[in-house]
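User: Could you walk me through how the helices in this model sit against one another, and then what lines one of its pockets?

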Amino acid sequence: MATNGTHRYDAYRHCSGSCPDDPAWQELSVEMVDEDILVLPSIRTPPGMEYQHSLTDLLAQAWTVLPLLRDSNMKLVIYSPIQGQLLQSMGIPPEKLLDIPITSFEAHKLLCVKPGRTMTLWRTARADGADVPFLEQTATRIYADYWWRLPGYQLGPEVSDAIARHAGFAGFESKQDSVVFVLRCSERRQLANEAEAVGAVTRALVEAKSDFQLLTFCPGREDFLEQVRKVWQAK
């Protein structure tokens, strides 16, 4: 939520006046910024899931605002070093990023800009320019409405190609016939049938006498650009 003396804007969900009644709101630490900043909604990450949530929640949103960053003096607010690393991998220079660390999933900060500075909020909208529906914040729904993840489905290939170009990967002629299986490899929300799924793919390739290579790896356990290279070079 963003507010000034006359207006209030919910970046992803309505608070309906209940948030100020929460004792946590009375204990917010204030982060005063002397920069013009651009804020993306819902890019904070649970502990142990920084890498995964940066891919699903951050990269596509940041890609849509890249021209705005290049043509202004605004800086994009991020909350962890890995977010900065991933954004730089697709061509956003470090001087266009403002790292405001949030070290705990429970921690909150009140982000303010000094007089004369601007804070610009990004939010997914419909093709006709209208707002998408809001969801109310409730005690049983700590997450938001997930609209910010929609660009990922549309812009994923553009983002991966941008990262590949920035890293200087070889062209499409080097692509290999591969089936890429990205494993979960996390204690959080494990997939109960992951091993069975890999086995089923393996058997299908063997039975079909396919020339395709089965490639499996754990995201977050090896270099990010190496992961991008493996997926990008697979046909």
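Analyst: Helix α3 (residues 150-167) and helix α5 (residues 224-232) pack at about 115°, and their axes are 10 Å apart. Here axes are lines fitted to C-alpha atoms over the stretch in contact, with angles running from 0 to 180 degrees between N-to-C directions, and helices are DSSP runs of H or I with at least four residues, numbered from the N terminus. This is a predicted model, in which local features need pLDDT of at least 70 and side-chain atom pairs count only at pLDDT 80 or more, while totals for chains, interfaces and linings use all residues. Residues are numbered from 1 along each chain as its sequence is written, and side-chain values use heavy atoms, with hydrogens and water left out.

User: Which residues of α3 and α5 meet there?

Analyst: On the α3 side they are Ser160, Asp161, Ile163, Ala164 and Ala167, and these meet Phe224, Leu225, Val228 and Trp232 of α5, where contact means heavy atoms within 4.5 Å. By class, this contact of α3 with α5 has seven nonpolar residues, one polar and one charged (Ala, Val, Leu, Ile, Met, Phe, Trp, Tyr, Cys and Pro count as nonpolar, Asp, Glu, Lys and Arg as charged, and the others, Gly among them, as polar).

User: OK, and at what angle do α1 and α2 pack?

Analyst: The angle between α1 and helix α2 (residues 81-89) is about 45°, with their axes 10 Å apart. That is why α1 is oblique to α2, given that angles under 35 degrees count as roughly parallel, over 145 as roughly antiparallel, 65 to 115 as roughly perpendicular and the rest as oblique. From α1, Glu50, Tyr51, Ser54, Leu55, Leu58, Leu59 and Ala62 take part, and from α2, Ile82, Gln83, Leu86 and Leu87. The contact of α1 with α2 comprises eight nonpolar, two polar and one charged residues.

User: How does α1 pack with α3, then?

Analyst: α1 and α3 pack at about 75°, their axes lying 9 Å apart, so α1 is roughly perpendicular to α3. Leu59, Ala60, Trp63 and Thr64 of α1 meet Pro151, Gly152, Leu155, Glu158, Val159, Ala162 and Ile163 of α3.

User: Switching topic: what lines the second largest pocket?

Analyst: Its lining has 25 residues, and Tyr51, Leu55, Thr56, Leu59 and Phe224 lie nearest the centre of the second largest pocket. The elements giving two or more residues to that lining are α1 (50-70), α3 and α5. The lining of the second largest pocket divides into 15 nonpolar, seven polar and three charged residues. A pocket is an open set of points, on a 1 Å grid over the protein atoms alone, where a 1.4 Å probe fits, with protein on both sides within 12 Å along at least five of seven lines, and lining residues have an atom within 4 Å of a point.
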